[in-house]
Amino acid sequence: MKFGRRWVAMAGLALLTGCSTDQPSCTPQPGLELEAMDIGMGAVPGILAGVNGVPAGLIFDTGAETSVLSPAIAARAHLYFPAENANFHLTGVGGTEQADIATVQDFRLTGARIQNASFVVGKLISAKFAARTGVDGAFGEDFLVNYDLDLNLPDGFITLRPIARCQTVLPPWPGPAVSVPIQFM
């Protein structure tokens, strides 16, 4: 099939029209602001949560597919392990460990409450490290996937914002900002 130059030019113009940079921007929605805590791992932030009313320090882990609670916090918080949740293996950077799934009746973050949430319970870190740092688990992508993240670690805050699905997002501060294009392959 042969296309004339005029047709190719018209098709190109139509495609470029759809790529206009004048698309409307949107402002991020207010979110849930969490205080980032130093958990003794350098640049790895932590957050404070409540597990059935028991304080729990969690690693804020954007690289973890699932959130994990330690057996120690599971015992302190009297977590419920449904019989149908058979043991399985949890594999991570440190190797493979036996794990289970428990129901947290009341999971809380600053200003937010989740009822009857399922968490993997398994050995994430050594008991010695947990005692030294106060880390009781990891908060991962199974919860974070529903939010845009604002990581303001120098000022000690992490904000979870409802996903805006905007083409262009204006930052939540009045000063300058730089947009960094990312191309996925």
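A word on the source. This is a predicted model, in which local features need pLDDT of at least 70 and side-chain atom pairs count only at pLDDT 80 or more, while totals for chains, interfaces and linings use all residues. Residues are numbered from 1 along each chain as its sequence is written, and side-chain values use heavy atoms, with hydrogens and water left out.

Arg 161 belongs to strand β12. Strands (E, at least two residues) and helices (H or I, at least four) are DSSP runs, numbered from the N terminus. Arg 161 has a relative accessible area of 14%, and it therefore counts as buried, the term for under 20%, with exposed meaning over 50% and partly exposed in between (1.4 Å probe, protein chains only).

I turn now to the sheet. Three strands form an open, antiparallel sheet in the order β2-β12-β11. Its edge strands are β2 (32-35) and β11 (147-152), each of which pairs on one side only. From one strand to the next, the twist averages 20°; the angle is taken between N-to-C directions, from 0 to 180 degrees, with axes as lines fitted to C-alpha atoms, for helices over the stretch in contact. Strand pairing requires that DSSP find at least two bridges between the two strands. Between β11 and β12 (residues 157-162) there are six bridges, in the antiparallel sense. Within this pairing, Asn 152 has Phe 157 of β12 as its bridge partner.

What lies in the loop between β11 and β12? Leu 153 is found there, and this residue is partly exposed, at a relative accessible area of 36%.

Two further sites deserve mention. Ser 70 sits in the loop between β6 (68-69) and α2 (71-76). Ser 70 is buried, with 11% relative accessible area, and a polar atom of its side chain lies 3.2 Å from the backbone nitrogen of Ile 73.

Ile 47, in strand β4 (residues 45-51), is buried at 0% relative accessibility. The C-alpha atoms of Ile 47 and Leu 34 are 6.9 Å apart, although 13 residues separate the two along the chain.

Note on methods
Polar contact = N/O pair within 3.5 Å; in protein donor to acceptor, adjacent residues only side chain to side chain.
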